[in-house]
Amino acid sequence: CEFRMICRSDLTGFPGHPRPFSGSAARRAVMPAWVIDRYGTNEVLRFTKNAPFPVIQYPNEVTVKVHAAALNPIDVSMRGGYGAATMAMKRDPLNLNQAGSEFPLILGRDVSGVIMECGLDVAYFKPGDEVWAAIPPWKQGSLAEFVVLSANEVSHKPKSLSHPEAAALPYTASTAWSAVVNTGGLNKDNCAKKRVLILGASGGVGTFAVQLVKAWGGHVTATCSGAAERLVRELGADAVVDYGTGPIQNQLSSERFDLILDNVGGETERWALALLKPWSGAKYVTLVTPFLRNTDTLGIADGMFQTGVTVATKALKHLTKGVHYRWGFFIPSGPALDDISDMVDAGQVRPVVEAHYSFAQVPDAFLKVEGGHARGKTVIDIISDEHECV
C-alpha cells in the first residue's frame with residue numbers, strides 16, 4: 001500500500017494545459033452524455049450528443065472511457081439541487097463564475113472503464129489500463145462517454161469483475177470504507193471480535209459494510225426489511241433484525257456494540273447511542289448529516305457555522321456518557337480502492353447488483369433509485385449501446 005501511495009502523482013495544485021487525445025479522437029470536441037440544464041425532477045434529464053468533451057487540465061489527471069456507471073441516492077438528490085451551494089464553492093472557490101456555470105451537469109458517481117490518456121506526471125497508470133473510480137460530487141460524472149479524473153481518485157479494476165459489476169462498488173465502498181476505517185477506527189488488524197451494528201444494511205453502503213467487517217473477523221448485526229433478510233445473511237451478517245416487526249431498539253435492548261454505522265438517520269440517533277459499550281472507545285457513525293442541507297439553506301458561511309455547532313454539541317453531549325458521536329462522509333481515494341480491489345479478487349467482498357439498465361434507459365434508472373428500498377446497486381451499461389440514444 002505504501003508503494004502504491006508513493007507511485008501516485010499528487011500535484012493537484014499545479015495547472016497544466018488542456019490536451020485532447022492523440023490519434024482518432026484528437027479532433028473531438030463533443031461526446032454523448034446525459035445532462036441536466038437545471039435542477040428539478042426526472043424531466044430535467046436530457047440526452048445530448050454534444051456534451052463538452054473533457055480534456056486533461058492538470059498533469060496528474062487521466063481520461064477514462066466509460067464502460068459502465070452506476071446510480072446512487074446522491075445522484076437523485078443532486079438532480080434536485082441538493083448540495084448545490086457547497087459543490088459550487090468546491091468547483092469555484094474564488095467565486096469567479098456566474099451562477100449556473102455548472103450546467104450542463106453530468107451526474108453519476110461510479111465509473112468502470114479504460115484509461116485513454118494520462119497526464120504528464122501520471123506514472124501509476126497507462127493507456128489501456130482497466131480502472132474504476134468513485135467520482136467526487138463536485139466533478140462531472142460518469143453518465144457520459146468519457147470522464148477526466150485525478151489519478152489519485154482512480155484504481156485498477158478488480159480482475160475478477162466485469163465493468164458493469166465493478167461499477168456497482170466504488171462510491172458506496174469508498175463511503176463505507178471512510179465511515180468504518182477512517183471515522184470508525186476499524187481495520188483488518190483490530191476488527192476481530194468487535195461487535196458492529198449496521199443500520200440500513202441492504203443498500204449499497206450497507207451491503208459493502210457487512211462484507212467488510214465480516215472479512216476482518218468482526219461480528220455483524222444488521223437491520224433491514226424482512227424482504228432483504230436473506231440477502232444480508234448471505235453477505236455474512238451474524239444476526240439480522242427486521243425493522244418491520246417492531247422497534248429496533250426494543251429488539252436489541254440487551255445488546256452492546258463497539259461500532260454503530262447508521263445509514264438511516266431520522267430518529268435513529270435518539271436511541272442508537274444507548275446500544276454502544278460505554279467508556280470503551282465505542283463509536284456511533286452516521287452518514288446522514290445536515291451539512292449540505294445547512295449550506296443550501298443558510299449559505300456557505302452560516303451553514304458551516306451551524307454545522308460545526310451541531311456536531312460539536314452532539315459530540316460533547318455523548319462524550320459525557322462515555323461514547324463517541326461522529327459524522328461520516330464520502331472521501332474519494334484511489335489507494336482505498338486498491339485495497340478494496342484486492343479484497344474483491346480474494347473473494348472477500350463482492351458487488352451486489354439489483355438492476356441493470358442500458359444507456360438509453362438512464363431516466364428509468366433514476367426512477368428506480370428514487371423509489372428507494374434498494375437491495376443493492378442500479379448499474380448503467382454504457383459501452384454496449386453508446387449509440388442507441390439517437
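In helix H5 (residues 170-183), Thr 172, Ala 173, Thr 175, Ala 176, Trp 177 and Val 180 are in contact (heavy atoms within 4.5 Å) with Gly 204, Val 205, Phe 208, Ala 209, Leu 212 and Val 213 of helix H6 (residues 204-215). By class, this contact of H5 with H6 holds nine nonpolar, three polar and no charged residues. Ala, Val, Leu, Ile, Met, Phe, Trp, Tyr, Cys and Pro count as nonpolar, Asp, Glu, Lys and Arg as charged, and the others, Gly among them, as polar.

The model is predicted: local features need pLDDT of at least 70 and side-chain atom pairs pLDDT 80 or more, whereas totals for chains, interfaces and linings use all residues. Residues are numbered from 1 along each chain as its sequence is written, and side-chain values use heavy atoms, without hydrogens and water.

The axes of H5 and H6 come within 8 Å and cross at roughly 55 degrees. H5 is therefore oblique to H6.

Helices (H or I, at least four residues) and strands (E, at least two) are DSSP runs, numbered from the N terminus. Strand S6 (residues 146-150) is mostly covered, with five of its five residues buried, that is, under 20% relative accessible area with a 1.4 Å probe, protein chains only. Phe 146, Val 148 and Ser 150 lie on one side of S6, and Val 147 and Leu 149 on the other. S6 pairs with strand S3 (residues 61-71) in the antiparallel sense over five bridges; pairing requires at least two DSSP bridges between strands. Val 147 in S6 is the bridge partner of Val 64.

Strand S1 (residues 30-36) has six of its seven residues buried.

Technical notes. Buried < 20%, exposed > 50% of the residue type's maximum accessible area, 1.4 Å probe, protein only. Axes fitted to C-alpha atoms, helices over the stretch in contact; angles between N-to-C directions. Parallel < 35°, antiparallel > 145°, perpendicular 65-115°, else oblique.
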